[in-house]
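Dear colleague,

Please find below the structure that I am handing over to you. My findings follow it.

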Amino acid sequence: MIYQQLGRSGLLVSRTCLGTMTFGNDAWGCDAAESRKLTDAFIAGGGNFIDTADLYAKTASESILGDILTDHDRDALVLATKCWFPQAGHPNARGLSRRHIIAACEASLRRLKTDYIDLYQFHGPDPYTPLEESLGAMADLVRSGKVRYAGLSNFSGWQVVQANEAAKRAGITNLVSGQYLYNLLRRDIERDILPACRSEGLGVICWSPLASGFLSGKYRGLDKPPEGSRFDQMGKVLLPRFWNDQTVALVERMAEMADELGESIVAVALAWCLAQDGITSVIAGASKFSHLEPQLRAAELILPEAMLAELDAALPCDKGYPDEWFQIASQGTFPKEYIRKV
Ligand SMILES: NC(=O)c1ccc[n+]([C@@H]2O[C@H](COP(=O)([O-])OP(=O)(O)OC[C@H]3O[C@@H](n4cnc5c(N)ncnc54)[C@H](OP(=O)(O)O)[C@@H]3O)[C@@H](O)[C@H]2O)c1
């Protein structure tokens with residue numbers, strides 16, 4: 001296993017992170033026994049970074065994980081969870097108010113059966129609560145020892161910068177991570193968020209790096225998802241997000257690449273993410289024990305340059321304006337011949 005510092009921090013995390021959104025999910029996930037097999041094998045394979053959230057399987061993911069971790073060396077692990085989604089019917093059990101952040105953190109600690117969360121993340125931005133209040137509450141959790149490091153998820157680029165400034169004013173050295181949807185089929189964060197995270201010193205950890213399973217190749221040759229599959233059950237969200245003629249063609253090409261390397265499509269997809277500048281770790285999901293092995297291999301897989309270049313060119317992110325303006329206008333203003341990039 002390869003480990004990397006998370007953002008501008010000293011915290012070392014495995015380049016494959018175990019995603020636990022499937023744990024306890026009756027519809028398209030796995031039960032407690034399979035979750036245990038997955039977690040045990042992930043840790044045995046050198047993985048130390050595990051991601052959950054109070055949202056997942058209506059808190060069952062955290063509870064199952066908490067039970068499993070009592071049989072492991074908790075201090076050897078980097079445990080990440082999140083708050084933001086509603087946890088009760090009343091209006092104060094959601095978002096990023098001081099009241100909710102602290103209550104949600106304490107509930108997560110109880111379910112996870114631990115005294116501290118290594119990485120506590122805001123699951124999304126709260127348009128109604130001042131950032132000073134949210135980051136002030138996070139800073140208090142850090143000072144109390146309940147949280148070690150702070151991160152965020154699903155914030156836009158300008159919000160990352162504002163949140164990091166508010167964090168520093170509240171006494172947190174720096175936010176350490178941003179958790180974002182990123183894979184070969186959805187590269188939206190390259191437009192603004194990835195540059196913002198790089199410049200603010202946040203490591204990026206990618207969610208759905210396998211496009212919720214589409215990049216495993218399991219839907220190859222099908223014109224619609226099999227009944228009961230995750231893509232069938234969550235089709236409204238997942239089909240428009242990931243499934244079209246171009247993505248189907250790319251998976252076919254990736255299958256050829258995988259054969260050439262003697263690897264799986266899963267390993268190729270994850271290794272591509274990990275080769276991108278600013279990406280610290282991929283949060284891969286699994287619902288079966290057999291899913292894990294190629295995910296662990298990916299952390300050490302270096303793709304040949306030519307393959308990386310072909311994958312980069314396959315479904316590039318349209319960065320739009322003002323990037324388009326800059327690419328044209330900067331050629332005359334900063335000619336390559338006399339300005340050397342350092
Ligand atoms: N911050 C956020 O807003 C956010 C949002 C979503 C997820 N997340 C985090 O990201 C994690 C991963 O998300 P995800 O589950 O969408 O990720 P993913 O890695 O893109 O998809 C995981 C799915 O891919 C399939 N798969 C994985 N390995 C496979 C293998 N070797 N062979 C065949 N199929 C394989 C399985 O599908 P089947 O189960 O269908 O077989 C598995 O459930 C979550 O657990 C969670 O921690 C965060």
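In what follows, Ala, Val, Leu, Ile, Met, Phe, Trp, Tyr, Cys and Pro count as nonpolar, Asp, Glu, Lys and Arg as charged, and the others, Gly among them, as polar. On that basis, the shell around the ligand has 11 nonpolar, 16 polar and three charged residues. The ligand is surrounded by 30 residues, and the closest are Gly-19, Met-21, Gly-213, Gly-285 and Ser-287; a residue is near a molecule or strand if its C-beta atom, placed from the backbone, lies within 6 Å of it. Strand 10 (279-284) and helix 11 (292-298) each provide at least two residues of this shell. Helices (H or I, at least four residues) and strands (E, at least two) are DSSP runs, numbered from the N terminus.

Please note that this is a predicted model: local features need pLDDT of at least 70, side-chain atom pairs count only at pLDDT 80 or more, and totals for chains, interfaces and linings use all residues. Residues are numbered from 1 along each chain as its sequence is written.

Turning to the barrel, eight strands close in the order 3-4-5-6-7-8-9-10, with parallel pairing (two strands pair if DSSP finds at least two bridges between them). From one strand to the next, the twist averages 30 degrees; axes are lines fitted to C-alpha atoms, for helices over the stretch in contact, and angles run from 0 to 180 degrees between N-to-C directions. Strand 5 (residues 78-83) pairs with strand 6 (residues 117-122) in the parallel sense over four bridges, and Ala-80 has Leu-119 in strand 6 as its bridge partner. Helix 3 (residues 98-112) lies across strand 5, strand 6 and strand 7 (147-153), running at about 140 degrees to strand 5.

Among the helices, helix 5 (residues 157-170) packs against helix 6 (residues 193-200) at an angle of about 20 degrees, with the axes 8 Å apart. Helix 5 is therefore roughly parallel to helix 6, a term for angles under 35 degrees. Gly-157, Val-160, Val-161 and Asn-164 of helix 5 make the contact with Ile-193, Ala-196, Cys-197 and Glu-200 of helix 6 (C-beta atoms, placed from the backbone, within 7 Å). By class, this contact has five nonpolar, two polar and one charged residues.

Finally, two backbone details. Most residues other than glycine have a negative phi, and most peptide bonds are trans. Lys-58, however, has a positive phi of about 50 degrees although it is not a glycine; Lys-58 is in the loop between strand 4 (49-51) and helix 2 (60-69). A cis peptide bond, with omega about 10 degrees, joins Tyr-321 and Pro-322. Pro-322 is in the loop between helix 12 (305-314) and helix 13 (323-333).

With kind regards

Note on methods: Parallel < 35°, antiparallel > 145°, perpendicular 65-115°, else oblique. Contact = placed C-beta atoms within 7 Å.
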